[in-house]
Each structure stands twice: as structure tokens, then as C-alpha cells.
Amino acid sequence: MVDISTKLADVEFPNPFLVGSGPTSGNPQKIISAYKAGWGGVVLKTIGDSIVRKSVRPMYASLKRDKEIIAFENLELITEDPLETWDKYMRVIKSEVKIPIIASIMGGPDYSEWVKLARWVEDRGADIIELNFGCPHGEPERRTGAFIGQHADLVYKYTKEVVSSVSIPVIVKLTPNVTDITEIAKAARDAGAKGVTAINTVYGVIDVDIETAQPLPSVNGYSTYGGISGPAIKPIGLGAVSRIYNRLKPYGISGVGGIFDWKDAVQYIMMGANNVQVVTYTMLRGFEFVKEWKKSLEEFMTRKEYSTIQDMIGIASEKMKSYEYLEKVTRRRTTVDEEIESIRGEIYG
Ligand SMILES: Cc1cc2nc3c(=O)[nH]c(=O)nc-3n(C[C@H](O)[C@H](O)[C@H](O)COP(=O)(O)O)c2cc1C
């Protein structure tokens with residue numbers, strides 16, 4: 001019998017599949033549905049105070065190949081609901097939902113607001129706090145979100161302030177839009193964060209209508225640089241998780257970005273993630289599929305004789321080496337035929 005429970009930041013999750021922060025974790029009805037479907041945890045839609053405002057409309061666009069969505073763009077900001085509404089939401093969530101709740105928060109440029117929000121969610125029963133230093137649109141113009149996440153010194157400062165003000169674990173959500181994500185993850189760890197979530201969306205433009213020279217999504221004829229999610233960003237997420245794992249192990253990592261299949265989740269775990277988060281796929285398919293994912297994961301683990309999630313964490317990342325290392329181990333001629341061909345080449349030019 002395999003055990004698919006897993007720990008992050010000293011908190012135990014019944015299985016590694018979490019609903020990540022986004023529209024599908026934005027109110028109690030959705031979170032209760034996710035819980036009933038069997039998800040292992042939920043990261044709440046990012047909660048704020050002074051920066052809460054309405055997102056532009058339309059705020060989504062997608063890119064398809066062969067009718068399948070390969071990438072998704074959003075211009076959605078943090079929650080549009082004020083703290084008074086979240087106060088009611090939290091009461092319902094805490095009484096109905098018996099899986100770990102990670103509260104994602106974002107303050108403005110003044111770090112004291114982050115501290116206030118952290119205490120606010122702690123008082124309302126959050127199990128872990130996730131600092132959203134990753135949102136790439138709207139918020140950075142106001143010197144928060146990815147603006148903080150792009151500066152290791154700011155990540156250190158804001159994280160340290162929050163960590164020293166609460167007694168529940170704090171994790172940091174990272175933006176991939178940086179030169180070296182491991183530097184930012186290290187700043188978070190040095191400031192006392194128990195783990196990181198990698199990655200938030202990737203800065204981009206999903207599509208351009210060449211008939212009208214219109215970048216999408218079109219907000220009354222204009223657009224802005226948005227956050228790309230979905231399968232197109234999985235390689236970026238896997239690379240980020242692996243690099244953080246290989247630099248900071250042992251360290252808590254929640255893997256996110258383009259998980260559309262249970263196998264994608266196993267890939268993130270093998271690259272170093274303790275658990276995974278899914279957002280875009282839940283927007284397209286709801287929550288029920290997690291039952292199949294858990295069954296497939298258990299079957300896979302049984303077949304491969306992994307008894308716990310821990311047995312799989314980082315095992316593929318151990319095979320990531322420097323280029324110089326590969327030069328030493330590379331096979332220059334792979335088959336006898338190739339060797340003969342190469343000798344003929346040397347003789348006959
Ligand atoms: C519509 C939408 C809204 C999002 N809102 C938030 C948010 O409020 N806070 C946050 O930390 N991440 C937010 N994200 C980012 C996701 O949590 C996740 O990091 C990203 O979408 C990559 O995962 P995915 O490919 O599974 O969607 C949002 C993503 C989408 C698509």
C-alpha cells in the first residue's frame with residue numbers, strides 16, 4: 001500500500017495535489033467543492049487590502065494548437081473582494097474544509113501592510129501563509145507583486161518582517177521573470193521562509209491579431225503584458241524547481257506551472273517539489289479529475305515500488321549536472337556502425 005501524503009513547511013497534506021491561487025480558489029463554494037472532490041490542499045486567491053481593485057475586462061485569452069489549449073494569458077489582479085467579505089469566507093472555509101489552507105497575501109509597497117495581512121489570516125485559521133511576490137501585471141506598476149520578487153533584498157526584507165510577526169509557517173511565491181531564481185529563493189530561505197512556490201505566471205503576450213494589429217486580450221483596443229500559464233510554461237517551471245532544489249536542498253518547494261496531467265505532477269516531484277499546485281487546468285475542467293489523478297499516482301507508485309512521495313522527491317534532479325560534467329561522460333560514438341562510418345570518414349575525407 002503506497003502513501004501519497006506529503007509535507008510542506010511542516011504541514012501534512014493528504015495528497016500532493018493542491019488547487020493553486022487563482023479564480024478557482026476565490027470563494028468558499030469553490031474551495032468546498034475542491035475539498036469534497038479530494039484535493040490535498042488549497043491556496044486561496046490572493047487576499048489584499050489597500051491594493052484591492054477591479055481587474056480589467058476581458059482579462060483572459062488563450063492559444064490553441066489542434067484545438068487544445070497550450071497557453072493561457074490572464075490580466076487578473078488579486079481578489080476583488082474586500083477583507084470584510086474574506087472575513088465571512090474564512091469562517092465558512094474553516095468550518096467546512098478539513099485540508100490545509102494556504103492563505104496567499106499581497107500588501108502594497110509598505111511592508112507593514114504585509115505584516116497586518118499575515119496576522120489577519122493567521123487569526124482566521126490559515127495553516128500556511130504564501131507571500132505573493134510573483135504577480136507580473138498591474139501590481140508591479142504599484143511596486144508590489146513581481147516588483148518585490150525581482151529584488152532579492154526586498155524579498156529578504158518583506159519575508160523577514162512577516163516571518164517574525166506570525167507563528168505559522170510562511171512560504172514565498174516566486175516570479176520566473178528574474179535572472180537567477182535561486183538567488184531569490186535563497187533570500188526567502190535566509191529570511192526564514194519554510195519553502196517557496198515556483199512558479200507564478202511568465203510575463204508575455206499570448207497572441208496578436210495581424211488583421212487589426214491588436215495584441216490580445218484586447219481591452220477596448222489596447223492590451224498590457226500579462227501572465228502566461230498552462231502547458232507552455234511547464235519547462236520553465238520544471239527548470240526553476242530543479243535549480244532551486246539542487247541549490248537549497250533540503251528545502252520545501254511547491255511546484256506549479258502547466259500541470260495538466262498526473263504525470264506532469266510526478267515530473268515536478270521528481271525535480272524536487274514536495275507537492276504541486278494546479279490552476280489553469282482547474283479553470284478548464286473543474287475539480288473532479290483529481291480522483292483519477294490520485295488513482296493513477298498510486299498505481300504508478302505501486303508499479304515503480306515507491307512507497308512514499310518522499311521516495312520520489314528530487315530523484316530526477318540528481319541527474320542534472322554541469323555542462324562540463326556532461327563533456328566528461330558523453331558518448332562520442334554510439335554504435336559500431338557509427339564508429340566504422342567515422343573511420344571511413346577519416347580515411348576518405
Ligand atoms: C486567471 C489566473 C489568476 C491567477 N491569480 C493568482 C493570484 O491571485 N495569486 C497568485 O499567487 N497566483 C495567481 N495566478 C497564478 C497561478 O497561481 C499559477 O502560478 C500559474 O497560473 C501557473 O500555474 P498553471 O499553469 O497551473 O495555471 C493566477 C493564474 C491565473 C491563470
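Reader: Is Leu-44 buried or exposed?
Author: Leu-44 is buried, at a relative accessible area of 0%; buried means under 20%, exposed over 50% and partly exposed in between, with a 1.4 Å probe and protein chains only. This is a predicted model, in which local features need pLDDT of at least 70, side-chain atom pairs count only at pLDDT 80 or more, and totals for chains, interfaces and linings use all residues. Residues are numbered from 1 along each chain as its sequence is written, and side-chain values use heavy atoms, with hydrogens and water left out.

Reader: Which residues is Leu-44 in contact with, leaving aside neighbours within four places in sequence?
Author: Among them are Ser-21, Ile-31, Trp-86 and Met-90, where contact means heavy atoms within 4.5 Å.

Reader: And which residues have the most contacts inside the largest nonpolar core?
Author: They are Trp-39, Leu-44 and Met-312, in a core of 94 residues. Such a core is a set of buried Ala, Val, Leu, Ile, Met, Phe, Trp, Tyr and Cys residues joined through side-chain atoms within 4.5 Å. A second, separate core has nine residues, including Leu-8 and Phe-13.

Reader: Turning to the ligand, which residues come nearest?
Author: Of the 22 residues around the ligand, Ser-21, Thr-46, Lys-173, Gly-258 and Thr-280 come nearest; a residue counts as near if one of its heavy atoms lies within 4 Å.

Reader: How far is the polar side-chain atom of Lys-173 from an oxygen atom of the ligand?
Author: That distance is 2.8 Å. For Thr-46, an N or O atom in the side chain is 2.6 Å from a nitrogen atom of the ligand.

Notes: Polar contact = N/O pair within 3.5 Å; in protein donor to acceptor, adjacent residues only side chain to side chain.
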